[in-house]
Amino acid sequence: MQVAFSEAAERNKRSILEKLRTLLASSKSVLEIGSGTGQHAVYFAPALPQLVWQPSELPDKLDLLLNQCLQHPSENLARPIALDIDNGNWATAQVDAVFTANTLHIIHWPQVCRLFNQISTLLPSNGIFCTYGPFNVDGRYTSKSNAQFDSWLKGRDYRSGIRDIGDLQYQAEQCDLRLQENYAMPANNRLLVWRKLND
Ligand SMILES: C[S@@+](CC[C@H](N)C(=O)[O-])C[C@H]1O[C@@H](n2cnc3c(N)ncnc32)[C@H](O)[C@@H]1O
């Protein structure tokens, strides 16, 4: 059984979990978007036994994610589902929180907008959307390494790139999501927490 491995996920999972323990303390169900290798899902689920962790991935990458989950089962880890941001019919049950790591700089800006719209539809009032990764502040890189990473991303796909928190805030406000927390994380990353406003 082939299991994929991401060094970045291995490095950042502890510091992310530290924040999620508090942020998701009263959550019952979390949808993870772009779960990738599944290292976050299998690490977070047993550490957050009060909730169900629902991993998801693009259909053509689902098998690798499934293998990881089968190798590291836990009672509250749901079977991964196929989920493509470009496809509006997400086969997910009702959730009160959404998590995604290192995806906003990979997907294209129209997909970022679609993602925020979809999540706003999915979340109940006060539900939260946690986004981890590198972000720009006031149109500027927060480190030299992020600037280099952005240039690498754009060389690979010009539609990818590190997103500016202000641009994300503008998009979020259009769909009733408000930036509630902005945590500095190791290695020049951030954890941004968006809260769904009351209907
Ligand atoms: C850099 S990886 C991050 C993976 C994982 N979250 C992590 O932190 O290790 C970006 C992920 O976004 C997923 N992705 C890209 N386009 C997507 C789309 N349209 N819908 C859903 N996921 C997508 C990729 O398949 C990939 O797993």
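Okay, one definition before we start: when I say polar contact, I mean a pair of N or O atoms within 3.5 Å, where, within protein, one must be able to donate a hydrogen and the other to accept it. Keep that in your heads, and remember that what you see up here is a predicted model.

The backbone nitrogen of N146 sits 3.0 Å from a polar atom of the S143 side chain. And S143 has another partner: its side chain and that of S145 make a polar contact of 3.1 Å.

Where are these residues? S143 is in the loop between β7, residues 135-136, and α5. S145 belongs to helix α5 itself, which covers residues 144-156.

Buried or exposed, then, for S143? S143 has a relative accessible area of 14%, and the cut-off for buried is under 20%, so S143 is buried. S145 comes out at 39% relative accessibility, so we call that one partly exposed.

D138 has a positive phi of about 50°, and it isn't a glycine. Why point that out? Because most residues other than glycine have a negative phi. D138 is also exposed, with a relative accessible area of 65%.

There's another one like that to look at. A187 has a positive phi, near 60°, and again this is a residue other than glycine. You'll find A187 in the loop between β9, residues 177-185, and β10, residues 189-196. A187 is exposed, at 60% relative accessible area.

Okay, zooming out to the whole chain. We've got six helices and ten strands. The radius of gyration is 16 Å, close to the 16 Å the globule rule gives for 199 residues, so the chain is as compact as a globular protein of that length. Along its principal axes, the C-alpha trace spans about 45 × 40 × 30 Å.

Of the 199 residues, 51% count as buried. For contacts with a separation of 6 or more, 73% come from residues 24 or more positions apart.

Methods. Residues numbered from 1 in each chain as written. Predicted model: local features only at pLDDT ≥ 70, side-chain atom pairs only at ≥ 80, totals over all residues. Heavy atoms only, no water. Helix = DSSP H or I, 4+ residues; strand = E, 2+ residues; numbered from the N terminus. Rg over C-alpha atoms; globule rule 2.2 N^0.38 Å. Buried < 20%, exposed > 50% of the residue type's maximum accessible area, 1.4 Å probe, protein only. Contact = heavy atoms within 4.5 Å.
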